[in-house]
Amino acid sequence: MASQAAVANGSPAKASLETKRIVYNDSIVRWFVFASVIFGLVAFLAGATAALQLAWHPANLPPWFNFGRLRPLHTNAAIFAFVGNMMFAGIYYSTQRLVKARVASDLLAKIHFWGWQLIIVAAAVTLPLGITTSKEYAELEWPIDIAIAVIWVVFAINFFATLWKRNEKHLYVAIWFYIATIVTVAVLHIFNSLELPISPFKSYSIYAGAKDALVQWWYGHNAVAFFLTTPILGIMYYFVPKAAGRPVYSYRLSIIHFWALVFIYIWAGPHHLLNTALPNWVQSLGMVFSIALVAPSWGGMINGLLTLRGGWQDVRREPVLKFFAAGVTFYGMSTFEGPVLSIKSVSALAHYTDWIIGHVHSGALGWNGFMAAGMFYWMVPRLFGTQLYSKKAADLHFYIGTIGILLYMVAMWMSGITQGMMLRAHAPDGSLTYGTFVETLVAIRPMYWMRLIGGTAYLIGMVMMAWNLTKTALAGKAVDGVVDVVVEAEEDEESKVSWTRIVFGAPVLLSVAVIAIFASVAFAGQIAAGAIILFGSMVGAFGIFFIVLAGKREDGRPKWHALLEGRAMLFTVFTVLAVLVGGAAEIIPLLLISPAQSVADQPKPYRPLELEGRDIYVREGCYLCHSQMIRPFVWEKQRFGEPSTMADSMWDHPFQWGSKRTGPDLARVGIRIPDASWHWKHMINPRFATADSIMPPYAFLEKSKVDFAMTSAKIRAMRTLGVPYDQAMVDGAVADAKAQAADVVASLRAQGIAADPDSELVALISYLQRLGKNPSANPPADSKPISQAEAAPTHALLDKSAPPTAATR
């Protein structure tokens, strides 16, 4: 591999040299490797169980293991437990060898390891209990958020202290990606997790509605970018050349890849909110930069695959190279599909469907999972001074895993496109061809079984890997890497260059110009702001590209960048600046957005009982299957009601727009189905209402009691966050909640249903009845809520004894 040592070897001999022996701390690497393997099995087992629940609803085990509580456990275990531990293992192993120094503090490394595992255990306990913020990939409550920040700081201190004591001056490309990961994840986590606690297990996001949506998907998109992508790219740049025995294909391409990715990736978050109530210019901006991401992403893929050039015969023989080659290929596929899905017209079909699920898993299973397997199969034999126990088993794992991924992806593509087309299909008379949402679920259920088969095959491959790695470890003995380092007593010529030459270099001046362009947005209108941001980003992207290609030294590497590579602190500062400049494209729209045009357009705040019901809705993970965002399409208006506006959710802390529809949108359900008895029957047993429903039952909510002792604190917290409650409402919150509960109970009693006013189900019904009843969403004077009889064809309202109607069969 073309390491920085090779560059150093090309410099003149120094007058005074000394040699010292470095013993790497590989114990911490072994710990993280096996933690990743163990939690990976848990994550994939939870995923297979969730897939079974969607294909066969009796697999739900309420309340703790319903789909709504299990799915966040699966995603958190896959991202933070499996990939997180794998990432830390790769960083600790490669960083020590790239900088020729032992990790700065063994104690901090141990605190990092055990602290991270305790966070994972805390997530595994709290999420099934329904303790969640409902924010995608950030569901953990505030005490765990604080713990994550503390442990991340411990990791960062240890990492940068290791760079400080390094014996290899130049920073290899893998280190660049690690630096970007550490600083950006810290920024993302802190800003997205700003919340107001009201108890040890409950908090409310300080953001609301559209602003919360922007912040959430600024985080959610870039959690994928800087937790699941950049560190794994660093691992690719180290382990692929090592395993192939060849230098990285193009060092110059890696420079372009890194800076373009960091500079552009951070502001593509709005593509998750296309065709929603956000201003069109914000959506278009997200779409443009998402499409632009193809260039740097494919630059990285090409660099990884061409590193294997001339050695494809080794790929056929070595399972490690098979995993790496396939993993990088899946990275390329996923980073092409993502920008395609960011095109508004494509998103109109794909968003809220299983196509998005397939896209996410092609990256998670193909890119992250296969890179992890390749790294483990290469690294574990070296960590235990032996050979891999069974190459044949590793090869079998590769083929089983590949088949599993392909089955999963094809199933989700078919499911997503089928459902998307069915939901928008119209008959010649203009009516919906498929009048009930459940008809689409019946059509795609075979694909859910196919997904389960593919996921199970992938899980079997992971079990085989765990067995193979365990046998390998038992066959050897733990060994730590050792290297003799030649320490240069004199500074080289590059070290004598003044820091001002770097700080005031052309790339920095360009960055200042770009920041100035972005700052001018504050004084521009919305349309002008979009144009300015677009122009500034293009200047930055093309400027970096030009500077990288211009001004080369004799060895072909850029002058300015070669100087920067020897200064870890400056490199980190410039990386932070690149991230913050990109982040401005998210923050500026956040400041410009006004959810309501006037006070008259503002919806009334939730009544206390409705707020309690909303918290139950969040706790049970209803947002995972039901959106609350009706897009401005004819078929969505016919099916769900009037399109949503930003004002609708301006008091929602956090927002509930959702990202997947396994059930119908609920933004206007309070207008379409105001009848409390329908909701009661539906929640007790969804099959009473719709025979083919795959929704789990929530009968346990009938017996669960609302904790009214917390109601006043919740209203007070909302008032602190800007929701217009007066002091009288804070003081009378419990009385108002009980009065509304009595009204709901009376309505149920009129339908022959006896209910406890303190029941959580009563509170949830009050929330569902409220949805859509905002000033901006009130139906015209000549319209009226649909009656129970009218609801039957659409929602198949059934009593306990009635057979399924033709509409539900």
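Which residues lie nearest the centre of the second largest pocket? The views below start there. This is a predicted model, where local features need pLDDT of at least 70, side-chain atom pairs count only at pLDDT 80 or more, and totals for chains, interfaces and linings use all residues. Residues are numbered from 1 along each chain as its sequence is written, and side-chain values use heavy atoms, with hydrogens and water left out.

**View 1. Here is the second largest pocket, with its lining of 45 residues.** Nearest its centre are His 626, Gly 663, Pro 664, His 682 and Met 695. The space in this pocket comes to about 780 Å³. (On a 1 Å grid over the protein atoms alone, a pocket is an open set of points with protein on both sides within 12 Å along at least five of seven lines, a cavity is a set of points where a 1.4 Å probe fits but cannot get out, and lining residues have an atom within 4 Å of a point. Points are joined across faces, edges and corners, and a volume is the space filled by probe spheres set on them.) Helix H26 (676–684) is among the helices that supply at least two lining residues, and H26 gives the most, with four. Helices, numbered from the N terminus, are DSSP runs of H or I with at least four residues, and strands are runs of E with at least two. Sorted by class, the lining holds 24 nonpolar, 16 polar and five charged residues. (Ala, Val, Leu, Ile, Met, Phe, Trp, Tyr, Cys and Pro count as nonpolar, Asp, Glu, Lys and Arg as charged, and the others, Gly among them, as polar.)

**View 2. Now for the second largest cavity, with a volume of about 190 Å³.** Of its 20 lining residues, Tyr 606, Asp 648, Ser 649, Asp 652 and Asn 774 sit closest to the centre. The lining splits into eight nonpolar, seven polar and five charged residues. The structure has six cavities of 30 Å³ or more.

**View 3. Arg 21 and Asp 484 join their side chains in a salt bridge, 2.8 Å from N to O.** Arg 21 is in strand S1 (residues 17–23) and Asp 484 in strand S4 (residues 482–488), so this pair ties together parts 463 residues apart in sequence. A salt bridge here is a side-chain nitrogen of Lys or Arg within 4 Å of a carboxyl oxygen of Asp or Glu, and the whole structure has 27 of them. Arg 21 is exposed, at 58% relative accessibility, while Asp 484 is partly exposed at 43%. (Buried means under 20% relative accessible area, exposed over 50%, and partly exposed in between, with a 1.4 Å probe and protein chains only.)

**View 4. Glu 610 pairs up with Arg 770 in a salt bridge, their closest N and O atoms 3.2 Å apart.** Glu 610 belongs to helix H23 (residues 608–619) and Arg 770 to helix H32 (residues 760–770), 160 residues apart. Glu 610 is buried, with a relative accessible area of 7%, and Arg 770 is buried too, at 10%.

**View 5. Take a look at Trp 116, in the largest nonpolar core.** Out of 224 residues in this core, Trp 116 and Met 379 touch the most other members. Helix H3 (residues 67–99) brings the largest share, 17 residues. (A nonpolar core is a set of buried Ala, Val, Leu, Ile, Met, Phe, Trp, Tyr and Cys residues joined through side-chain atoms within 4.5 Å.) Leaving out residues up to four places away in sequence, Trp 116 touches Phe 80, Asn 85, Phe 88, Ile 111, Ile 148, Ile 151, Trp 152 and Phe 227; contact means heavy atoms within 4.5 Å.
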